Amino acid sequence: LPEFCISVALVSRAQGPVLGIIANPSTGQRFTALRGQGAWTEAGQRLRVAPFAGDRRLRLAVSRSEFRRGMWGEVAEIADLVPCSGLACKMTLVASGDVDATLTPWRRSEWDAAAGDLIVHEAGGWSSDLAGAPLRYNLPEPVFRGVVCASVDASASIRTLASRIEQRRDGLSRMW
């Protein structure tokens with residue numbers, strides 16, 4: 001599948017990610033961001049998250065393997081699911097406005113999320129761990145308890161969904 005990405009970030013102890021690059025060698029796509037300078041495609045187009053007024057179903061990028069195993073069946077009742085492999089790829093879908101949000105309840109290393117975190121923020125979105133706490137970097141344990149990112153407009157919908165999943169997270173590993 002042409003969804004694997006190379007994800008590179010420069011992280012400042014004080015500021016978190018300050019430079020982020022995600023490249024997909026299969027498609028030739030490249031997404032870049034520099035803190036305070038916006039997020040861009042390889043063609044020089046500015047990335048913008050999609051507006052979401054709640055007048056349509058939430059478009060949610062989810063793990064392709066989890067989707068195949070039926071892990072998102074309950075969520076499919078309230079959102080349009082877009083299966084995709086790799087956190088970095090899903091985060092670029094949010095930043096480019098192709099989906100409204102992505103969510104993973106599983107532990108993710110900070111190096112898996114750092115570039116996408118900055119790219120999403122510079123495209124006008126936000127990200128957090130599953131409990132809603134900001135992603136913090138350079139901690140003794142460089143792991144997040146899940147990752148959520150979305151457009152600001154979709155924040156209420158995705159935070160409600162993330163909260164429901166966080167409450168059921170321990171049971172999910174047995175169920176999934």
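Two residues are said to be in contact when heavy atoms of each lie within 4.5 Å. This sense of the word is used throughout the following report, which describes a predicted model.

## A buried lysine and its helix

Lys90 is part of helix H2. Leaving aside neighbours within four places in sequence, Lys90 is in contact with Ala61, Val62, Ser63, Cys84, Ser85 and Thr102. Lys90 is buried but forms no salt bridge. A salt bridge would need a side-chain nitrogen of Lys or Arg within 4 Å of a carboxyl oxygen of Asp or Glu, whereas Glu66, the nearest side chain of opposite charge, is 6.8 Å from Lys90.

After H2 comes Gly97, which has a positive phi near 85 degrees.

In soluble globular proteins, nonpolar side chains tend to be buried together. The largest nonpolar core of this model has 28 residues, of which Leu47, Ala113, Ile119 and Val147 touch the most other members. Strand E3, helices H2 and H3, and strand E9 (143–151) are the elements that each give two or more residues to this core. The most comes from H2, with 7 residues.

Not counting residues up to four places away in sequence, Ala113 touches Leu87, Met91, Leu135, Tyr137, Phe144 and Val147. A second, separate core contains 20 residues, including Val62, Trp72, Val148 and Ala154.

## The four-stranded sheet

Four strands form an open sheet in the order E1-E2-E3-E4, with antiparallel pairing. Strand E1 (6–12) and strand E4 (39–41) stand at the edges; each has a single partner strand, so one side of each is left without a neighbour in the sheet. On average, and with direction ignored, neighbouring strands are turned by 15 degrees against each other.

| Strand pair | Bridges | Sense |
|---|---|---|
| E1 and E2 | 7 bridges | antiparallel |
| E2 and E3 | 6 bridges | antiparallel |

A hairpin leads from E1 to E2 through 3 residues. On the way to E3, Asn24 has Gln29 as its bridge partner. E2 and E3 also form a hairpin, here with 4 residues between them. In that turn, Gly28 has a positive phi of about 80 degrees.

Helix H3 (residues 110–122) lies across E1, E2, E3 and E4, and runs at about 100 degrees to E2.

## A partly exposed arginine

Arg56 is located in the loop between E4 and strand E5 (58–63). With a relative accessible area of 32%, Arg56 is partly exposed. Its contacts, not counting residues up to four places away in sequence, are with Ala50, Pro51 and Asp100. Arg56 and Asp80 are 24 residues apart in sequence, while their C-alpha atoms are 9.7 Å apart in space.

How values were computed. Residues are numbered from 1 along each chain as its sequence is written. This is a predicted model: local features need pLDDT of at least 70, side-chain atom pairs count only at pLDDT 80 or more; totals for chains, interfaces and linings use all residues. Side-chain values use heavy atoms; hydrogens and water are left out. Two strands pair if DSSP finds at least two bridges between them. Axes are lines fitted to C-alpha atoms, for helices over the stretch in contact, and angles run from 0 to 180 degrees between N-to-C directions. Buried means under 20% relative accessible area, exposed over 50%, partly exposed in between (1.4 Å probe, protein chains only). A nonpolar core is a set of buried Ala, Val, Leu, Ile, Met, Phe, Trp, Tyr and Cys residues joined through side-chain atoms within 4.5 Å. Lys and Arg count as positive and Asp and Glu as negative; His and the chain ends are not counted.
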